[in-house]
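Dear colleague,

Please find the structure below, handed over for your records. My notes on it follow.

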Amino acid sequence: MRALGWWMFAVIFATTGCVSSRKAKMEAAQAYIQGQQQAMQAQQRAIQSMGPSVFFQGPVQNSVVAWREGMKLSEAIVAAEYTAFMNPEMIRVMRNGQVAGELKGIDLLRHQDMELQSGDTVIILP
């Protein structure tokens, strides 16, 4: 009987420990998600305060570049500070969810360029 009492205590203790561990993991996950949401909101406020912008995905130092009238793709890539060692394999310009242009890295060296609009997203594939 005494052994059974000890065993019941161990089961209750172990179960309580699991619940506490599970609760702690859930609270940590919720805190992480909340922190990510706050960071995204801060980033969106910063982008809005910049005014018209061009966005970049790929190996660049600056993922948001201030847009100006007549801005060319090559100028925007320089402003974004491309960081990869080799010329990009492909550069895709997305505008309103559609592909507005697609160039190979070598095309820019051959002076084939395109004008960007505010809100464009440039995707660089190294």
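Leaving aside neighbours within four places in sequence, Ile-91 is in contact (heavy atoms within 4.5 Å) with Leu-73, Ile-77, Gly-101, Glu-102, Leu-103, Gly-105, Leu-108, Val-122, Ile-123 and Ile-124.

This is a predicted model, in which local features need pLDDT of at least 70 and side-chain atom pairs count only at pLDDT 80 or more, while totals for chains, interfaces and linings use all residues. Residues are numbered from 1 along each chain as its sequence is written, and side-chain values use heavy atoms, with hydrogens and water left out.

Ile-91 is also among the residues with the most contacts inside the largest nonpolar core, which has 17 residues. Such a core is a set of buried (under 20% relative accessible area, 1.4 Å probe, protein chains only) Ala, Val, Leu, Ile, Met, Phe, Trp, Tyr and Cys residues joined through side-chain atoms within 4.5 Å. Strand 1 (53-57), helix 2 (73-80), strand 3 (90-95) and strand 5 (121-125) each give two or more residues to this core; helices (H or I, at least four residues) and strands (E, at least two) are DSSP runs, numbered from the N terminus. Helix 2 contributes the largest share, four residues.

Strand 3 also holds Arg-95, which counts as buried because its relative accessibility is 19%. A polar atom of the Arg-95 side chain lies 3.4 Å from the backbone oxygen of Glu-115. Beyond its neighbours within four places in sequence, Arg-95 is in contact with Ala-100, Met-114, Glu-115, Leu-116, Gln-117 and Asp-120.

Yours sincerely

Key. Buried < 20%, exposed > 50% of the residue type's maximum accessible area, 1.4 Å probe, protein only. Polar contact = N/O pair within 3.5 Å; in protein donor to acceptor, adjacent residues only side chain to side chain.
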